[in-house]
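Please have a look at it on the screen before I go on.

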Amino acid sequence: MDENYDVIVLGTGLTECVLSGILSVEGKKVLHIDRQDFYGGESASLNLSQLYKKFKPSAQKPEFLTGRDRDWCVDLIPKFLMSNGELTNILVHTDVTRYIEFKQIGGSYVYRSGRIAKVPANESEAIRSSLMGIFEKRRMKRFLDFIAKYDDDDVSTHQGFDLDKNTMDEIYTYFGLESGTKDFIGHAMALWSTDHYLTEVARPTYERIMLYVQSVAKYGKSPYIYPLYGLGELPQGFARLSAIYGGTYMLDTPIDEVLYTDDGKFAGVVTKEGTAKAPIVIADPTYFPDKVKKVGSRVIRAMCILDHPIAGTSDLDSVQLIIPQNQVGRKHDIYIAVLSDVHCVVPKGYYLAIVSTIIETETPHVELEPAFKLLGERLDTLMGIADLYEPSTDGTDSNIFISKSYDASSHFESTTDDIKDIYFRVTGKPLVLQQRTTVEEEQALNGL
Amino acid sequence: MSFPNPTTSVKLVLLGEAAVGKSSLVLRFVSNEFQENKEPTIGAAFLTQKCTIGSKVIKYEIWDTAGQERFASLAPMYYRNAQAAIVVYDITKPASFIKARHWVKELHEQASKDITIALVGNKYDLVKNDSGEEDDSENSLRKVSIEEGQNLADEEGILFFETSAKDGFNVNEVFIGIGNHIPESNNNSNNPLGGNSNGNNEGRIDLTSNANNINRSGGGECAC
């Protein structure tokens with residue numbers, strides 16, 4: 001298989017598959033390789049056998065868990081899609097929505113003063129919410145009005161603030177918000193996992209609140225949507241897009257050797273299928289361990305198998321639960337993503353709760369205790385610790401473009417930032433999404 | 001009759017070795033065309049075609065492999081909720097028939113257990129002589145007998161056809177045969193990608209529409 005390509009992509013994680021799909025649609029000849037025999041890399045959803053093989057290699061998968069192997073689709077990286085976020089936008093524009101069905105996440109909850117409360121999804125829920133007293137609710141409403149009406153071009157909406165100069169703390173203080181309300185806005189709406197944002201300019205927080213509010217407004221129950229059969233469907237969907245536009249796929253194919261030109265630029269790869277050449281490679285960090293560095297923080301993730309919904313969540317089939325850092329004396333929030341058979345990731349009767357946070361101590365599993373208390377009895381718990389990597393250079397000198405590890409955030413906004421960034425470095429132009437042709441047009445095309 | 005027949009969406013997947021005529025078979029069915037020396041599948045791998053069988057209308061949503069079978073890299077997504085599959089081989093290529101056995105086995109492992117499978121020996125046109133009859137001389141290009149195909153189908157309990165995508169022989173019969181065989185009661189279940197009016201679509205959302213467009217169970221169903 002001695003062949004020439006425009007781009008070789010290594011690893012079938014979400015970032016790599018989205019880029020592969022977009023580049024194929026643009027007419028690039030793409031070869032996409034994964035050393036593993038399944039799609040998704042770090043962003044795969046594993047069946048029960050794969051899951052136990054990865055996290056408890058010495059143990060057999062337990063007899064007490066029922067259902068077929070493939071009835072289990074357990075995400076390695078717990079995240080949800082923001083309904084109005086950039087990944088949703090990419091899915092719609094590339095028409096990958098054709099291959100994947102989505103459902104809403106039932107609700108978003110936040111831990112406060114020893115119990116959990118629903119994050120209001122609309123005004124009437126906000127009025128009934130136990131999160132705030134009556135006066136605080138008025139202050140909160142004034143704050144949200146300010147955010148909603150803020151218009152860069154209309155100084156009268158600025159109330160004396162400049163989002164690029166004033167800090168978020170200054171704006172909170174102006175509206176007289178209590179610390180619990182700040183926690184709620186910063187961690188449950190803007191989805192910051194630390195309090196660093198308080199002393200930084202307000203613009204990013206403003207944008208995050210807007211994304212949250214617009215995402216909730218889209219479908220109602222929560223700002224999140226989730227693909228049936230797990231997040232692993234996302235890389236598969238984009239891989240299919242790439243293949244339809246001529247991309248070649250080779251799973252279960254380790255890279256035996258990376259070829260370079262005399263001046264140290266990428267030239268190709270050697271695999272069991274032969275030599276494949278291309279001037280450019282896009283890869284996840286595991287394919288070029290000497291060209292990446294650790295970001296510094298490590299993430300602990302615990303997949304908990306339950307036979308009951310989470311107490312206090314009205315028995316919802318799916319939930320996001322955030323434990324803000326200062327509620328439990330931490331620096332980083334703990335996230336819990338709860339899913340059930342409604343999203344086709346476990347057999348009927350089971351619930352899956354994935355707990356994650358940035359590690360702060362020498363005993364990371366103990367750090368998850370506040371979350372475990374909220375979950376109640378667990379049938380089994382599988383834990384993993386991951387280092388986060390990023391490329392040590394931007395890749396333009398070697399034409400080796402490496403993606404970042406999937407971070408601890410609860411959504412994909414940082415992943416789509418990375419996708420756009422890599423696209424820009426590879427092509428030299430910003431990513432502009434164009435609507436794919438319709439089914440009818442495609443059928444006409446096929447007849448040519 | 002003033003009421004239109006109910007349309008049932010069926011996800012149908014194609015399987016088979018490269019160059020046995022998977023795409024040509026679909027192209028013949030969907031647009032009654034044939035392309036000589038067609039390039040390997042690029043650019044169109046999601047076709048739909050309605051098929052009226054008696055009183056029911058089936059809308060086939062046909063998934064081509066898009067070449068992902070070449071290095072054994074078909075995604076689980078491909079098989080997910082497929083209600084029908086066509087396993088194609090080339091009756092002049094014994095290796096493609098061996099591969100067909102493999103795909104039938106793969107379907108039993110990966111797909112739902114009530115999937116309707118049709119085994120299709122394609123390129124019948126290559127074994128016909130000038131008068132349109134099958135050439136049973138020693139020079140015949142046929143390498144897989146009709147009995148071998150039928151036996152495999154019988155062993156596996158699946159449908160069997162020989163076709164020619166080139167001249168259209170028996171192609172529509174494959175899709176009609178599948179349509180007749182699909183269990184009525186299962187038409188509307190577990191098909192997230194089908195545009196069913198009364199399936200279990202509760203809470204499913206349509207990302208391509210703008211707002212508040214949630215398919216509710218039973219909503220919009222015509223019960224007349």
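Let me begin with a question: in what order do the seven strands of the open sheet in chain A stand? Before I answer, please keep in mind that what you see is a predicted model. The order is β9-β8-β17-β18-β19-β16-β20, all in chain A, and the pairing within this open sheet is mixed. At the edges stand β9 and β20 (380-391) of chain A, and because each of them has a single partner strand, one side of each is left without a neighbour in the sheet. If we ignore direction, neighbouring strands of this sheet are turned against each other by 25° on average.

Let us stay at the β9 end of that order for a moment. Strand β8 (residues 107-112) of chain A and strand β9 (residues 115-118) of chain A run antiparallel and are joined by four bridges, one of the pairs being Arg112(A) with its bridge partner Arg115(A) in β9(A). The two strands form a hairpin with two residues between them, and within this hairpin Ser113(A) takes a positive phi near 50°. Towards strand β17 (residues 319-323) of chain A, β8(A) is again joined by four bridges, but here the two strands run parallel, and Tyr109(A) has Leu321(A) in β17(A) as its bridge partner. Helix α7 (residues 179-189) of chain A packs on the sheet, where it touches β8 and β17 of chain A, and its direction makes about 140° with that of β8(A).

Chain A also has an open sheet of four strands, in the order β1-β14-β13-β12, and its pairing is mixed. Which strands stand at its edges? They are β1 (3-4) and β12 (257-260) of chain A, and since each has a single partner strand, one side of each is left without a neighbour in the sheet. Inside that order, strand β13 (residues 266-271) of chain A and strand β14 (residues 274-277) of chain A run antiparallel, joined by four bridges, with Val269(A) standing opposite Ala276(A) in β14(A).

Now to the helices. Two packed helices are described by the angle between their axes and the distance between the axes. Helix α1 (residues 14-25) of chain A packs with helix α9 (residues 233-244) of chain A at an angle of about 20°, the axes being 8 Å apart, which means that α1(A) is roughly parallel to α9(A). Their crossing is left-handed. On the α1(A) side the contact includes Leu14(A), Cys17(A) and Val18(A), and on the α9(A) side it includes Leu234(A), Pro235(A) and Phe238(A). Taken by class, the residues of this contact divide into nine nonpolar, four polar and no charged.

The helix α1(A) also packs with helix α12 (residues 413-427) of chain A, at an angle of about 45° and with the axes 10 Å apart, so that α1(A) is oblique to α12(A). This crossing is right-handed. Leu14(A), Thr15(A), Val18(A), Leu19(A) and Ile22(A) of α1(A) make the contact with Thr415(A), Asp418(A), Ile419(A), Ile422(A) and Tyr423(A) of α12(A), and by class that gives seven nonpolar, two polar and one charged residues.

Turning to chain B, how do helix α1 (residues 22-31) and helix α5 (residues 171-181) of that chain cross? Their axes come within 9 Å and cross at roughly 85°, and therefore α1(B) is roughly perpendicular to α5(B). Leu25(B), Arg28(B) and Phe29(B) in α1(B) meet Val171(B), Asn172(B) and Phe175(B) in α5(B), a contact with four nonpolar, one polar and one charged residues.

Finally, confidence. The model scores ipTM 0.82 and pTM 0.89, while chain B averages a pLDDT of 81, with 78% of the residues scoring at least 70. Within chain B, confidence is highest in strand β6 (residues 159-162), at a mean of 98, and lowest in strand β8 (residues 214-215), at 39. The pLDDT is below 50 over residues 186-200 of chain B, a stretch that has 37 contacts in the model beyond near neighbours in sequence, and also over residues 210-224 of chain B, where the corresponding number is 21 contacts. Where pLDDT is low, the predicted coordinates should not be read in detail.

Technical notes:
Residues numbered from 1 in each chain as written. Chains lettered and ligands numbered in written order. Predicted model: local features only at pLDDT ≥ 70, side-chain atom pairs only at ≥ 80, totals over all residues. Axes fitted to C-alpha atoms, helices over the stretch in contact; angles between N-to-C directions. Parallel < 35°, antiparallel > 145°, perpendicular 65-115°, else oblique. Contact = placed C-beta atoms within 7 Å. Nonpolar A, V, L, I, M, F, W, Y, C, P; charged D, E, K, R; others polar. pLDDT = per-residue confidence, 0-100. Left-handed = near helix turned anticlockwise from the far one by under 90°. Pairing = 2+ DSSP bridges.
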